[in-house]
Structures are given as structure tokens and as C-alpha cells.
Amino acid sequence: MSVLSPARERLLATASALFYADGIRAVGVDRVIGAAQVTRATFYRHFPSKDDLVVAYLGAVDRAVRAVADAAPEGAARLRAVVGGMGEQLCTEGFRGCAFLNAAAEFPERDSPVHRAVAAHRAWLSELFVHELAVVGHPDPQAGAAHLMMLRDGAMVAGYLGDPAVARETLRRGLEEILAA
């Protein structure tokens, strides 16, 4: 991967923080430009549109999840690492739910580049769950992966609206029950 320019890094970091905290549609390009302290020309040199910036933001979140998966050995250890990372995320200060679920709610049009980025991440995550469950010999990796995805989605909402520690523990227990099947 190529090294990002300092201005592009600043734009992406600023947009990521603002989009996650305040919502994507609520944050305009002018706000990102001002907070990142770049010119409008610099913004458009790096991101031809706001959608391009949003897709880059989601790409960064996707790469972070993939890095957790890539760092763990296959099978149960990888599932525990990924699910554990999600559980830890639930308990962080300022947690506002899943960046992908939030983006999907704001960009419901299936042909939107943002919605396609969300769908691509979810397809990868589901495939990861299926693969790792097959590695551990789960009797129905597809069904187990669907169950785990639903648990993950529910935990993301419960971590935001309820007690994050309970959501994290429920997600962890759910994974262990799926692994024991």
C-alpha cells in the first residue's frame, strides 16, 4: 500500500472522527476541510467527492478488522480475536455503534458506493466466519456464520444503547456456543 500524503491522512482522520461521532450526512465537506486545515483544492485532489471520502473512511475501518483477523491463527483463535476485538470496541469511550451499520442506515441505496463498501465488508466478514467455522469442524458453517453475524450486529446496537460490558460478554458467550456446536 502506498504511503498517504500528510494532507490526505489528516483529511481521512478528521473525516473519520467526525463521521463516526456526528453521522456521515450531518458532516459536510466544508466542515471536514476546516477541521483538517486544508484547502478545498487539496480536498478535491485527494477525494473527488464526499462519497469517495466516506468509502475511504469505511476502507480504513475494514482494514483494521482485517488486520486483527490476519494476526491470529486460523480457526477458533481467529474467531476469538475478531469477536474479542469487536467486544473491546463496544466498551470504548464514545462508542456509537458499528461504522458499517451506521453508514448503511444513512446510505440505503444499494447502488451507492458507500452501500457497496458496507456490503463488501459484510460479505468478507461473513466469508471469514464461514471459513473459520469450517476449519474448526462446525457441522453447518453457513448457519453458524449467519448466527454469529446476527450476534455481532445485535452486540453493536446493544453496546451503544445498553450496557457495553453485557453486550461484549453476550457476544463472547454466543461465539463459544457456536464453537461448541
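**Close-up views of the predicted model**

**View 1. Valine 157 is partly exposed, with a relative accessibility of 44%.** In this view and those below, buried stands for under 20% relative accessible area, exposed for over 50%, and partly exposed for values in between (1.4 Å probe, protein chains only). The model is predicted, and local features need pLDDT of at least 70, side-chain atom pairs count only at pLDDT 80 or more, while totals for chains, interfaces and linings use all residues. Residues are numbered from 1 along each chain as its sequence is written, and side-chain values use heavy atoms, with hydrogens and water left out. Valine 157 belongs to helix α8, residues 141–161; helices are DSSP runs of H or I with at least four residues, numbered from the N terminus. Together with Tyr160 and Leu161, Val157 forms a nonpolar surface patch of about 320 Å² accessible area. Patch members have over 30% relative accessible area and no salt bridge; like charges are joined within 9 Å, and nonpolar side chains (Val, Leu, Ile, Met, Phe, Trp, Tyr) within 5 Å. The areas come from the Shrake-Rupley method with a 1.4 Å probe, and for residues only the protein chains shown count as cover.

View 2. Cysteine 91 is partly exposed at 31% relative accessible area, whereas cysteine 98 is buried at 4%.

**View 3. Threonine 42 lies in helix α3, residues 40–46.** Threonine 42 is buried, with 12% relative accessibility. The side chain of threonine 42 makes polar contacts with the side chains of threonine 39, at 2.9 Å, and arginine 45, at 3.1 Å. A polar contact is a pair of N or O atoms within 3.5 Å; within protein, one must be able to donate a hydrogen and the other to accept it, and residues adjacent in sequence count only if both atoms are side-chain atoms. Beyond neighbours within four places in sequence, threonine 42 is in contact (heavy atoms within 4.5 Å) with Ala7 and Leu11.

**View 4. Leucine 175 is buried, at 2% relative accessibility.** Leucine 175 sits in helix α9, residues 164–180. With neighbours within four places set aside, the contacts of leucine 175 are Leu79, Arg80, Val83, Leu148 and Leu151.

**View 5. Arginine 80 and glutamate 176 form a salt bridge, their closest N and O atoms being 2.7 Å apart.** The partners come from distant parts of the chain, arginine 80 from helix α5 (residues 76–90) and glutamate 176 from helix α9, 96 residues apart. A salt bridge is a side-chain nitrogen of Lys or Arg within 4 Å of a carboxyl oxygen of Asp or Glu; the whole structure has ten. Arginine 80 is partly exposed at 41%, and glutamate 176 is partly exposed at 24%.

**View 6. Arginine 168 and glutamate 88 meet in a salt bridge with closest N and O atoms 3.3 Å apart.** Arginine 168 is in helix α9 and glutamate 88 in helix α5, so the pair ties together parts 80 residues apart in sequence. Both are partly exposed, arginine 168 at 29% and glutamate 88 at 47%.

Notes
Helices (H or I, at least four residues) and strands (E, at least two) are DSSP runs, numbered from the N terminus.
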